[in-house]
Amino acid sequence: MATTSATLTPGQIISGHQKTAPVNVVGIAEDLGLKVWETRSLPENISGKIFRDPMNGGPSGFSISVNASEGILRKRFTVAHEIAHFILHRKQLDNGALIDDTMYRSGLSTAEEAQANKLAADILMPYSLIQSLAAAGINDVESLANRLQVSPTAMKIRLGIPV
């Protein structure tokens, strides 16, 4: 009998997408039952949000909306960040809370935003994939960032290099 996404834990779903670079964050979202949309209706200072969407959301009943005007690297981080909220803060979401990254972008990060940022980095830049790339000779910050489709700054932070 084949294993379906419904029988896997979120960690198993994520790790299943972390075998090759770049990590397919939209694939992770879809496997978690989330629908990902790009929109131009978000304010300029909002990169994305996760929200209950019974009409158009995925099987989970939630959608992730990302700001269409932002670059691909930012969109990828935003999707990973909102996936992290879905996994870590599901109780708040189920209670109707709209969680977005306004506080993160304004520099007034809460504990939940910090948790979501850490898990987003874990999703996009798993150490196992970084080690595999390094073993294949891809070990400078720029090359690793390009392969994983993250910003060089995010990669430096991940590697513990001062920014």
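Reader: How do the axes of helix 3 and helix 6 cross?
Author: In this predicted model, the axes of helix 3 (residues 72-88) and helix 6 (residues 111-124) come within 8 Å and cross at roughly 120°. Axes are lines fitted to C-alpha atoms, for helices over the stretch in contact, and angles run from 0 to 180 degrees between N-to-C directions. Helices (H or I, at least four residues) and strands (E, at least two) are DSSP runs, numbered from the N terminus.

Reader: And what do you call that orientation of helix 3 and helix 6?
Author: Helix 3 and helix 6 are oblique to each other. The scheme is this: under 35 degrees is roughly parallel, over 145 roughly antiparallel, 65 to 115 roughly perpendicular, and the rest oblique.

Reader: Which residues of helix 3 and helix 6 meet?
Author: On the helix 3 side they include Phe77, Ala80, Ile83, Ala84 and Ile87, and on the helix 6 side they include Ala116, Leu119, Ala120 and Ile123. Contact here means heavy atoms within 4.5 Å. By class, the contact of helix 3 with helix 6 has 12 nonpolar, 4 polar and 3 charged residues. Ala, Val, Leu, Ile, Met, Phe, Trp, Tyr, Cys and Pro count as nonpolar, Asp, Glu, Lys and Arg as charged, and the others, Gly among them, as polar.

Reader: OK, new topic: how many residues are in the largest nonpolar core?
Author: It has 36 residues, and those with the most contacts inside it are Ile28, Leu34, Ile83, Ile123, Met125, Leu148 and Met155. Such a core is a set of buried Ala, Val, Leu, Ile, Met, Phe, Trp, Tyr and Cys residues joined through side-chain atoms within 4.5 Å. Buried means under 20% relative accessible area, exposed over 50%, partly exposed in between (1.4 Å probe, protein chains only).

Reader: What does Ile83 touch?
Author: Leaving out residues up to four places away in sequence, Ile83 touches Val25, Ile28, Ala29, Leu32, Leu34, Ile64 and Ile123.

Reader: Is Val26 buried, partly exposed or exposed?
Author: Val26 counts as partly exposed, at 33% relative accessibility. Val26 lies in helix 2 and touches Val36 and Val79, not counting residues up to four places away in sequence.

Reader: Then at what angle do helix 7 and helix 8 pack?
Author: About 120°, with the axes of helix 7 and helix 8 11 Å apart. That makes helix 7 oblique to helix 8. The contact is made by Leu129, Ile130 and Leu133 of helix 7 with Leu144, Arg147 and Leu148 of helix 8.

Reader: And helix 8 with helix 9?
Author: Helix 8 and helix 9 (residues 152-159) pack at about 110°, axes 9 Å apart, and that makes helix 8 roughly perpendicular to helix 9. Helix 8 passes helix 9 in a right-handed crossing.

Reader: Last one: how many helices and strands does the protein have?
Author: There are 9 helices and 4 strands, and buried residues make up 42% of the 163 residues.

Conventions:
Residues are numbered from 1 along each chain as its sequence is written. This is a predicted model: local features need pLDDT of at least 70, side-chain atom pairs count only at pLDDT 80 or more; totals for chains, interfaces and linings use all residues. Side-chain values use heavy atoms; hydrogens and water are left out. A crossing is left-handed if the near helix is turned anticlockwise from the far one by less than a right angle, and right-handed if clockwise.
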